[in-house]
Amino acid sequence: MSEVLLVDSVLLFLVTVCAVAIIEVRSLYAVAMLSSVYSLLMALVWTNMHSMDVAFTEAAVGGGISTILLIGTLVHTRRDEKPAKRRLHLPALLVTILTGAALIYGTFDMPRFGDPNATIHHYRVPEMMSQTVAAVSGREGKQQPPEGYEAPPRMTPTAAEWAGAIHAIDEAEEALEEAQHSAPKASEGEHHEGAEEHHEGAHKHPTDDFNGHVPNSVTSLLAAYRGFDTMFETTVIFTAGMALIMLLRRRREEGEDDFSQRGATLSGQVILRVMTKMFIPFILVFGFYVITHGEIGPGGGFQGGVILATAFILYALLYGRNALYRIIRPRTLEVLAACGVLLYAGVGVACMLLGGNFLDYAALNAASPGDGEAMGMTLVEYGVGITVCTVMIIIFNQLAELPSNPSRRRAGAKAS
Amino acid sequence: MYIATIFALLVGAFLILIRALKGPTAYDRILAMNAMGTKTVLLVALLGFASGRPDFLDLAIVYTLVSFITTIAILKFIEKGRLD
């Protein structure tokens, strides 16, 4: 038995114990905390399987923000679960067992964990790994394909295509230099346009393209191969934020603004205050690093956005929500959330205007599609990051806001 | 060596889980959760080095930066009864 499997088995046991406990425990406090422990363990499972992007999401979302949001829900509900009548529901048990058995039966058809002969290692992934931008930019592909792999004909350009493409690049570069020489004060965008007009042939990449030229294959799959999905996922997050505003926003009375609820601050706690002030800049920097680094290493817009939001939430926890509102007005948050989605879709439209398909990032940089992809993906990740970050803060604000204003209600009761 | 350490930490995680399940007070659970966060940071780093991929450290950094905030949120809610 390999160590990976052994560690996995121990982790699976711990996860199961934790999950059963979450169902059994009546105190909702305990459930929130146990769910945090559960997500920590799950992140370990993902790490052990080397699926770093999933582990990253689990770490950022499960370890940080989701428990805070669960606690936020407790503000609006009771702290204990209603005692339910305990009795065995036979049909339900039967259905559960049958579904479980069917699922386990289904896994028999799946390849073994880590099997080198699994379909995924032979069907698309080697193609993606061997994909080379050489025909267009004269550079090597990003990774070495597995040994013994032969690329299908559509992936390997013919000699004539090679020569034509390289010639076109040379000409485009010359034209670019010329344009820089003749008009040094012209803006950069005009340069590109000029170079492109001269040499439309330079933009060429394999017909069945994954846009897979960035080092992190997960990001290239998420942002390019299934870029539409990711765009609408961002839209879903945006919609969730808007829905929460509609459901939970307290009706503002006359002359009341966002600052009317005096939150409780923890600014009396010196150690907490000092430590937090030290930590917040690092959290912010790391969040931006995760977003920007998304196409190279694990992480991306979703994870980075959540990490950024965590910094703001930490500030709100320490100094109260009013202090946070003084930094970012709620209206700004809402506008920014929409801007993130707009940035994502805008990059797609920009690709169309430059002659590619919607979200075909290679069109962004005609001379070097690989760089165009990296740029497009970074922009798109920032769009996702902005939306996720602002929506998380919005959700926190809405959950932390008490349903009605106690002081005003009391004053109203006295008056009547 | 890495493997032995990993298993030692997993035993620790098991003990922590027992504390988190038994309680009895909320504070025991908070401590257990916090300790589990620390264990996770160490385990992620170890798994990375054991499998020759030290870039897993990115993930460990996320945990160090993020997991303590949950503790603060829970403690604040217990003390003040609200989050903001």
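**Ground rules**

I number residues from 1 along each chain as its sequence is written, and chains are lettered from A and ligands numbered from 1 in the order in which they are written. The model is predicted, so local features need pLDDT of at least 70 and side-chain atom pairs count only at pLDDT 80 or more, while totals for chains, interfaces and linings use all residues.

**Entry 1: chain A**

I looked up the secondary structure. Helices are DSSP runs (H or I, at least four residues), strands are DSSP runs too (E, at least two), and both are numbered from the N terminus. Chain A has 16 helices and zero strands.

Next I checked burial. A residue is buried if 20 or more other C-beta atoms lie within 10 Å of its own, exposed if 12 or fewer, and partly exposed in between, with C-beta atoms placed from the backbone. Of the 416 residues in chain A, 38% are buried.

Then I looked at contacts (C-beta atoms, placed from the backbone, within 7 Å). In chain A, 71% of the contacts with a separation of 6 or more join residues 24 or more positions apart.

**Entry 2: helix H14**

I picked H14(A), residues 330–353. Its 24 residues reach 34 Å from first C-alpha to last, close to the 34 Å expected at 1.5 Å a residue. The expected span is 1.5 Å times one less than the number of residues. I listed its buried residues, among them Leu333(A), Gly340(A), Tyr344(A) and Cys351(A). Just after H14(A), I found Gly355(A) with a positive phi of about 105°.

**Entry 3: chain B**

Chain B has three helices and zero strands. From the N terminus the order is α-α-α. Its C-alpha trace spans about 45 × 30 × 10 Å along the principal axes.

I looked up the radius of gyration, taken over C-alpha atoms. Chain B has 15 Å, whereas a compact globule of 84 residues would have a value near 12 Å. The globule rule is 2.2 Å times the number of residues to the power 0.38.

Buried residues are 44% of the 84 in chain B.

**Entry 4: where A touches B**

The contact takes 54 residues from chain A and 41 residues from chain B. On the chain A side, H3(A) gives the most, with 13 residues. I sorted that side into 39 nonpolar, 12 polar and three charged residues. Nonpolar means Ala, Val, Leu, Ile, Met, Phe, Trp, Tyr, Cys and Pro; charged means Asp, Glu, Lys and Arg; the others, Gly among them, are polar.

**Entry 5: H1 against H1**

How do H1(A) and H1(B) pack? Their angle is about 5°, and their axes are 11 Å apart. H1(A) is therefore roughly parallel to H1(B). Axes are lines fitted to C-alpha atoms, for helices over the stretch in contact, and angles run from 0 to 180 degrees between N-to-C directions. Under 35 degrees counts as roughly parallel, over 145 as roughly antiparallel, 65 to 115 as roughly perpendicular, and the rest as oblique. The residues of this contact are 13 nonpolar, no polar and one charged.

**Entry 6: Gly63(A)**

I ended on Gly63(A), which sits in helix H3 of chain A. Why does Gly63(A) count as buried? Because it has 29 C-beta neighbours inside 10 Å. Leu40(A) is 23 residues from Gly63(A) in sequence but 6.1 Å away in space, C-alpha to C-alpha. Leaving out residues up to four places away in sequence, Gly63(A) touches residues in chain A, including Ser36(A) and Ala43(A), and in chain B, including Gly37(B) and Tyr63(B).

Technical notes. Two residues are in contact if their C-beta atoms, placed from the backbone, lie within 7 Å.
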